[in-house]
Amino acid sequence: MMTRTLTAAALVLLLALAACGRNAPEAKPATENPTAAPEKTAANDKEAATEAPEAGQIHLTEADIKAAGIRTEEADEAEVHERIAVTATIQANQDRLAHVAPRVPGRIVGITAKLGDRVKAGQALASLDSIEIGEAHSAYLQADSQFRLAQADFERAEKLHAEQIVPEKDYLRSRSEQEKARANLRAATDKLRLMGVTPAKSDNAASVFTVSAPFAGTVIEKTAVLGELAQPDKSLFTVADLSVVWIEANLFEKDLGKIKVGATVSVSVAAYPDEAFKGRLTYISSVMDRESRTIKARVEVANADGRLKPDMFANAAIDTATAGKALTVPTSAILLQEGKKTVFVREKDSFEKREVELGDNLGGRFVVKDGIEAGETVVVEGAYALKSRLLKSKIGDHD
């Protein structure tokens, strides 16, 4: 009886569990869950990335391009000469350099020129007081007085002789005295001029004179000190005409056959790294230095603005007779971005930043070894405006 009762209870329990399973709602798949936001966000990000411009590209309208002053130029190959690079030193033009010193001893009583001053030809640099000049000027005044007196006597004797009032011998004697006085005056005048002083007619002998610039130039050295005694063998000023400077370089023996006097030279200095100064090879020494096995050469470069200074170090690239084709772009197209030389290339309605490898600086243009190809359109004006927009876009991305 007990066994039947337990069996019936177990059967009732199984039937109840089965009924609960049929009435329970079915679980929906995870993909149908409306709250699955992560997958939807990733899809949107992918779509947005497809629509965004590539890194290093800038899209501008024609109005924006005009407003930014952007101008482009087609990169093209040009004929360039093979170049020999040498290190050099800038020197003053030795043909236009003068050490200014007095011709006679004198004490410095005034200084009117300072170191670095640009002076004109004949401009006074300093005033000196000299006993010798005073004595020479006194002799000049005496000779001048004697000549004027002798001249007056001769004119009177000549007039009286014409009227036959005085004898011939008196006329000849007065003429002789006049010629003698003239010679003495000429000698006194020449002595002052040899001392570097222009004779001046005055009542008192002058002992003060000036030393002057022999030509227009710049005072590059000054040793004159007020009150000191100046001597003819000691320079007071050094004046140099720096409108044209010399670039002194050393050539190796192996390069002599490629270079000739008259060759075009491009000179660069650390002070102006992106600029090349045009010059011409004017001299190649006939003697080789026995120790260094090099030959001295000289390049003349115009320096009207005075930016090239004597004793600056320089690099000189000398054109040879060998020429070839190379791709070049203007210097204004080159930008430094993140330590790399770059240009902007236009592609339809966008501008792309390109890293380039540069070659020689040809003076206003750079040879491009890699990074762009002939025929591509390069930005030559307004590149900085594009660089600024690119930097702003990067800052916006980080925000």
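**Salt bridges in the predicted model**

At 48% relative accessibility, Glu 253 is partly exposed; by relative accessible area, buried means under 20%, exposed over 50% and partly exposed in between, computed with a 1.4 Å probe on protein chains only. This is a predicted model in which local features need pLDDT of at least 70 and side-chain atom pairs count only at pLDDT 80 or more, while totals for chains, interfaces and linings use all residues. Residues are numbered from 1 along each chain as its sequence is written, and side-chain values use heavy atoms, with hydrogens and water left out.

Glu 253 forms a salt bridge with Arg 293 (3.7 Å, N to O), the term denoting a side-chain nitrogen of Lys or Arg within 4 Å of a carboxyl oxygen of Asp or Glu. Arg 293 lies in the loop between strand 14 (277-288) and strand 15 (294-302), and Glu 253 in the loop between strand 12 (244-252) and strand 13 (264-268), so the pair ties together parts that are 40 residues apart in sequence. Helices (H or I, at least four residues) and strands (E, at least two) are DSSP runs, numbered from the N terminus. Arg 293 is also partly exposed, at 44%.

A second pair joins Lys 254 to Asp 255, with the closest N and O atoms 3.3 Å apart. Lys 254 is exposed at 65%, whereas Asp 255 is buried at 5%.

Within helix 4 (residues 131-162), Arg 148 and Asp 144 lie 4 residues apart, about one turn of the helix. Their salt bridge brings the closest N and O atoms to 3.1 Å, and Asp 144 is buried at 7% relative accessibility. In the whole structure, 17 salt bridges are found.
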